[in-house]
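Open the model in your viewer and keep the selection panel at hand.

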Amino acid sequence: MQQQVVAPDTRPEAAQPESPIPRGDDVFELADVSCSYGSFTAVRDISLNIPRHRITALIGPSGCGKSTLLRCLNRMNDLVPGTVVGGTLHYNGEDIYGADIDPVEVRRRIGMVFQKPNPFPKSIYDNVAFGPRLNGFRGNLDDLVEEALTRAALWDEVRGKLKMSGLALSGGQQQRLCIARTLAVQPDVILMDEPCSALDPIATLKIEELMAGLKDDYTIVVVTHNMQQAARVSDMTAFLTVNIDDEVGERTGELVEFASTNHIFTNASDKRTEDYITGRFG
């Protein structure tokens, strides 16, 4: 019988925390984490701790492995043939790459919102209800759908048209629907891979406001190319860059600096971080 990931989860079936999870500790502990696709090493020797109930931003130039690192956090890279993850990656103190860990349960606890909104070709209601139904949810599904849509700041806009296709919504609404779909399975962590890159400024602002409200109950890790967004929404920031081996022509992502967002943007310890933040390269 497979062992499942054990995570703090005091929430009842209706998704609202009964009591807050203790703050100030770390959800993820990464030590020398590397990820390779076949012979190509995308990121190497990443070590950092990601705190609970905070928004952590991953920034850096294209090709530095931000999205690869994000997908390592919930084993999404397992779905890519030839992927090898090295080092140790603990989630709530447990090695999520352990042989006895169920990756499906990992992905339930650690939800994912992708760069491009990807609602299912189903009704708004069925989009949100999909995960709970799949997981055998036995509570009041109507209440759960309403709760998830409310927490995703979408309920007031769709409450009278839940049978309408999710694909009929605007881009920003579709992304919030995808966030509601993630919230409906009651995760502990939400990973976001450039969630606003395909959205207009107004829709982007709504997503940022939503993220700020969700961090009281969830840990959020977001990949973004938008420096202003990282500065506005995140508490912690990790800057990654590309190390180029001229001899073999290999480009590998590496962590330069990880600190509070205020420190990264106002008093970076590494000149490479300052140069990237100020636009002098990347």
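For residue classes, Ala, Val, Leu, Ile, Met, Phe, Trp, Tyr, Cys and Pro count as nonpolar, Asp, Glu, Lys and Arg as charged, and the others, Gly among them, as polar. The model is predicted: local features need pLDDT of at least 70, side-chain atom pairs count only at pLDDT 80 or more, and totals for chains, interfaces and linings use all residues. Numbering runs from 1 along each chain as its sequence is written, and side-chain values use heavy atoms, leaving out hydrogens and water.

**Stop one.** Select R107, R108, M112, G131 and V185. Of the 19 residues that line the largest pocket, these lie nearest its centre. (A pocket is an open set of points on a 1 Å grid over the protein atoms alone, where a 1.4 Å probe fits, with protein on both sides within 12 Å along at least five of seven lines; lining residues have an atom within 4 Å of a point.) The lining comprises 10 nonpolar, six polar and three charged residues.

**Stop two.** Move to P132, N135, G136, F137 and Q186. They lie nearest the centre of the second largest pocket, which has 10 lining residues. Four of the lining residues are nonpolar, three polar and three charged.

**Stop three.** Which residues meet here? I124, N127 and V128 of α3 touch L177, A180 and R181 of α6, where contact means heavy atoms within 4.5 Å. This contact of α3 with α6 has four nonpolar residues, one polar and one charged.

Notes
Helix = DSSP H or I, 4+ residues; strand = E, 2+ residues; numbered from the N terminus.
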